[in-house]
Amino acid sequence: MRKIYSIWFLLALLAFAACSPEEDDLFDKSAAERIDEAIKQDLSVLRGAKNGWVMEYYPSPTKMYGGYTFLVSFGEDGKANVMCDFFADGEGVKSEYEVKQSAGVMLTFDTYNEIFHFFSEPSNYLGIGEQGEGMEGDYEFLILECTPEKVVLKGKKTGNKMLMTPLPENEEWAHYMGTVKQIAKEAYPALYDVKVGENVEYAVTQRYHKFVLVNKDGSEKDLPFVYTVEGIKFSEPVTIGGQDVQSLVWDSETMAYANNNIRIVSYITGSCTQMDDSLCLRALYTICIYMRHNIMTYLAFSLFCHIIVNIVFVRF
């Protein structure tokens, strides 16, 4: 009987604890209230970067075109200003944006934006990508992390994670983007050797904003990257010569990207010339050469500008 009384006593205690009015509710707000609060917080962070954000944008689920450097600012009026290193110089492109609930808090550029929608349209005016697919880029992004120091987005279509960091307030957009483009222009696609110390470990070619690293056994590895004001940054850390590397600094004197004893050194055999031809259409701002195979687009179509072609004569 004593055991039975003990069991009943314990059950009574448990029932009392479960019914206690002092029990804290795990969720003191409804799901709708929590989502609304998250939207307001994320909007506050996005708009709080007074000089906007630097965005590392990767179209295509496979990142086959590499990444592109965007500058994005979010106004209180619901309009975003966007600039991209793929396009010629300008004041940026403005369109509306929204932060809303859609299987999580979503940032969307839901009115036409010439830059974002160039990457996402099924058929762009450059003819890049398969017909009906284009470059398969995003204009809707799930917000994974949102702080004043960084914002991490996930493309709704591609699933690619994309990082945004605040642009320093004393940095002019035109100067920042000009620096990025200057490095890209100096380091136009060529053939590269990857050196660890003085030893050549790999050969590299460039396709769009992506290195294709060729191993000694002939296998290939794609290394998508974005151009930065210092050089390039890979989408993820890569292992070269037993070392993890994500960023490399461009040295125009040696024509190489470098990180400690790792260097990606360009080499060109032959001479170079340049053509500048005015067009009356949307035109390439600059193009470059994927050597051995073909001439390919490098930077961007812009509104009513010149086409600049770098031609390299290659000897084999």
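Visitor: Does Tyr-65 count as buried or exposed, and what is its relative accessibility?

Guide: This is a predicted model, in which local features need pLDDT of at least 70 and side-chain atom pairs count only at pLDDT 80 or more, while totals for chains, interfaces and linings use all residues. Residues are numbered from 1 along each chain as its sequence is written, and side-chain values use heavy atoms, with hydrogens and water left out.

Tyr-65 counts as buried, because its relative accessibility is 4%, where buried means under 20% relative accessible area, exposed over 50%, and partly exposed in between, with a 1.4 Å probe and protein chains only. A search of the whole structure finds 27 aromatic pairs, a pair being rings of Phe, Tyr and Trp (its six-membered ring) whose centres lie within 6.5 Å, with planes under 30 degrees apart called stacked, over 60 edge-to-face and the rest tilted. The ring centres of Tyr-65 and Tyr-208 are 5.3 Å apart and their planes stand at 85°, so this pair is edge-to-face. It links distant parts of the chain, 143 residues apart, since Tyr-65 is in the loop between β1 (53-57) and β2 (68-74) and Tyr-208 in the loop between β11 (199-206) and β12 (210-214); strands here are DSSP runs (E, at least two residues), as helices are (H or I, at least four), numbered from the N terminus. Tyr-208 itself is partly exposed, because its relative accessible area is 23%. Another pair, Phe-70 with Phe-116, is tilted, at 5.0 Å centre to centre and 40° between the planes, and both of these residues are buried.
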